[in-house]
Amino acid sequence: MNLDVLAGCFASASCAVTQVSTGLIVGMLLFLVASGLSLIFGVLGVVNFAHGAFYMLGAYFAFLCFERTGSFVAALVAGAVGAGIVGVLFERFFMSKVYGRDLLMQLLVCYAAILIFDDLVKILFGAEYKLMGMPESFATAPVEIAGGFIPSYYIFMLGMSLGIGLLLWLGINRTRLGKVIRALAINPQMVGALGINTRLLYAGVFGLGCALAGTAGALAAPVRSLTPGMGLSVLIESFIVTVIGGMGSIPGALAAALLIGLTRAFGAIGFPLFVDGLMFALMGLVLILRPTGLFGARAA
Amino acid sequence: MRNGLMRTGLMRAGLMRDLLVAMLGLLVLLALPLVFPHPSLRDFLIYVIAYGLLAMSLNLLVGLTGLVSFGHAAYFASGAYVFGLLMQSGAVSVPLAMLAAVGGTALLALVIGAICVRLKEIYFSFITLAFQMFIHSIILTWVDLTGGDQGLRGGIPRPPFLGIDLGEAHTLYAFAAVIFVLCLLAMRQVWQSPFGYTLRMIRDNPARANFLGVDVVRMKLGIFVLAGGVASMAGIIMALFVSGAFPEFGFWTTSGEAIFMIMLGGTQVFLGPVLGAFLLQLLNHYVTIYTHHHGLVLGVVILLIVLGLRRGVADFAANWLAERRAAAPPAPAAPEPAKTKAAG
């Protein structure tokens with residue numbers, strides 16, 4: 001424990017700014033992954049245990065595209081669209097076969113998917129760590145705020161993920177398609193009876209959730225090292241986020257993701273060995289005090 | 001009348017039968033390495049014993065209670081580490097260290113279970129997985145105690161006790177086999193007990209169990225702790241055999257493999273998970289001979305079985321047998337009553 005260091009960091013504006021920006025970045029990435037997880041669970045009623053694998057795929061697709069084209073915009077699109085397409089295929093050919101079956105079967109299909117994706121990435125890219133490198137347009141001097149330095153890429157990431165979150169929220173709550181998707185979550189038979197292709201919609205929602213994870217992976221690629229199996233810790237953390245925020249609530253996911261991100265950033269200074277423990281303690285506390293999560297609907 | 005017979009006579013006969021099967025099974029296990037004196041067979045069987053015990057204990061949660069835990073390997077690892085650390089301290093004998101490891105793990109399961117069993121279905125799966133990863137990360141970061149990603153190094157001393165020297169490979173194998181059979185017998189008792197049937201009711205209809213005055217949370221917590229304790233025994237056997245403990249014991253893939261073993265063997269036949277452990281070890285054995293891409297092959301096999309066979313091998317066989325038994329004898333007689341009913 002280094003509580004003096006932690007107190008010192010809070011006292012100095014520059015350290016606080018740096019840590020807050022780190023926390024926001026971690027939180028926003030988590031938010032993207034968790035909102036995809038939450039969306040899939042809310043509409044399809046299944047938890048995609050393989051969600052971390054799509055985060056990994058997004059990062060590797062972006063890495064591949066950036067290496068070939070050198071364009072970061074193309075890399076971002078490749079990460080999102082690539083993960084989304086793989087997600088749709090995975091839903092159509094495997095996940096859809098186990099809807100309504102034992103939880104055990106769903107778990108096993110996801111377990112198999114993680115094993116296969118991790119091994120495929122290992123075969124195609126090698127098991128060693130990969131670095132994508134910062135795109136040139138962001139290789140500028142960091143922005144100075146109150147004595148703390150924030151890389152310009154961080155600001156881009158922050159804006160990008162906030163924008164995506166806002167679009168998602170608007171899309172679900174303010175458009176006709178969003179209304180159909182919300183109806184699908186409540187009564188799929190009725191939606192089907194009204195002549196809407198529910199299968200296509202299921203695949204689409206699953207794909208969208210995976211694309212969100214892929215976007216997070218692509219956004220993280222320049223600042224984190226890529227390795228097969230990188231999705232697992234993200235999966236666990238994003239699950240903790242959905243539990244704290246409440247399953248199915250996008251504002252809840254945002255608030256919880258930021259809380260976890262800041263906890264990690266400041267915890268890393270105060271008690272580096274107990275950062276994971278702190279996250280779990282937070283989750284345990286929420287589960288005991290408010291089992292439906294901070295923003296979750298109260299149990300009927 | 002028949003019911004009465006079942007209640008008084010058959011319960012005991014069932015116990016006698018279980019004991020007989022256990023004795024026979026133990027004899028076969030002990031005889032196998034003598035008949036085929038190949039060290040690799042003995043090693044293979046010890047793996048089946050350790051992972052079979054892990055899968056059996058997990059099935060108390062999955063098959064019996066309907067709690068799909070995705071973090072059961074945490075208790076496997078905790079048993080192995082506590083036992084290994086106690087033995088390395090040199091202060092205690094093997095049986096005492098085993099008791100302490102099982103007791104400590106049961107306590108851990110009690111704390112984690114108290115939070116987990118309140119959650120339903122998928123939430124339960126996820127939170128058990130989350131706690132397992134927490135324990136895995138503790139093992140990795142507390143390097144001074146656990147050796148981090150290198151695992152417990154320097155071997156685990158196995159001082160002789162009561163004239164049993166576990167340093168001897170044959171003795172170690174026999175010791176593991178005896179523990180294995182004893183644990184199976186204990187679990188069989190739970191499986192057949194009123195407690196076991198209460199758990200089945202909770203699995204099939206928790207609301208009804210609640211109405212009948214069953215304290216659902218306490219029952220679930222009870223079986224969670226029991227399953228954790230048995231899993232730690234499996235971990236102890238593993239630690240004794242490999243003379244160490246490694247973080248992989250508590251990694252999520254170990255839990256995934258245990259779930260796959262259960263699915264492979266079947267959840268509703270008591271010994272199904274052991275069959276599953278045997279099949280998976282066999283598969284692993286051959287896959288690692290022919291390819292480095294272990295995950296790829298294993299993943300494809302899982303998908304084939306889950307989407308093709310749609311249930312465990314033992315469940316599949318049991319269903320097939322039951323259908324044949326149901327179909328064979330009354331087959332000639334069956335259509336007649338239907339006809340007379342239709343005519344009448």
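This is a predicted model: local features need pLDDT of at least 70, side-chain atom pairs count only at pLDDT 80 or more; totals for chains, interfaces and linings use all residues.
H10(B) is mostly covered, with 20 of its 27 residues buried, that is, having 20 or more other C-beta atoms, placed from the backbone, within 10 Å of their own. Just after H10(B), Ser243(B) adopts a positive phi of about 55°.

Local features need pLDDT of at least 70 and side-chain atom pairs count only at pLDDT 80 or more, whereas totals for chains, interfaces and linings use all residues. Residues are numbered from 1 along each chain as its sequence is written, while chains are lettered from A and ligands numbered from 1 in the order in which they are written.

Between the chains, 28 residues of chain A are in contact with 28 residues of chain B, contact requiring C-beta atoms, placed from the backbone, within 7 Å. On the side of chain A that touches chain B, two or more residues come from each of helices H5 (103–125), H10 (231–245) and H12 (275–289) of chain A, and the largest share, 15 residues, belongs to H5(A).

Within chain A, the axes (lines fitted to C-alpha atoms over the stretch in contact, with angles from 0 to 180 degrees between N-to-C directions) of helix H2 (residues 13–44) and helix H6 (residues 152–174) come within 10 Å and cross at roughly 30°. Residues of H2(A), including Leu24(A) and Phe31(A), meet residues of H6(A), among them Tyr154(A) and Leu168(A).

Methods. Two residues are in contact if their C-beta atoms, placed from the backbone, lie within 7 Å. Helices (H or I, at least four residues) and strands (E, at least two) are DSSP runs, numbered from the N terminus. A residue is buried if 20 or more other C-beta atoms lie within 10 Å of its own, exposed if 12 or fewer, and partly exposed in between; C-beta atoms are placed from the backbone.
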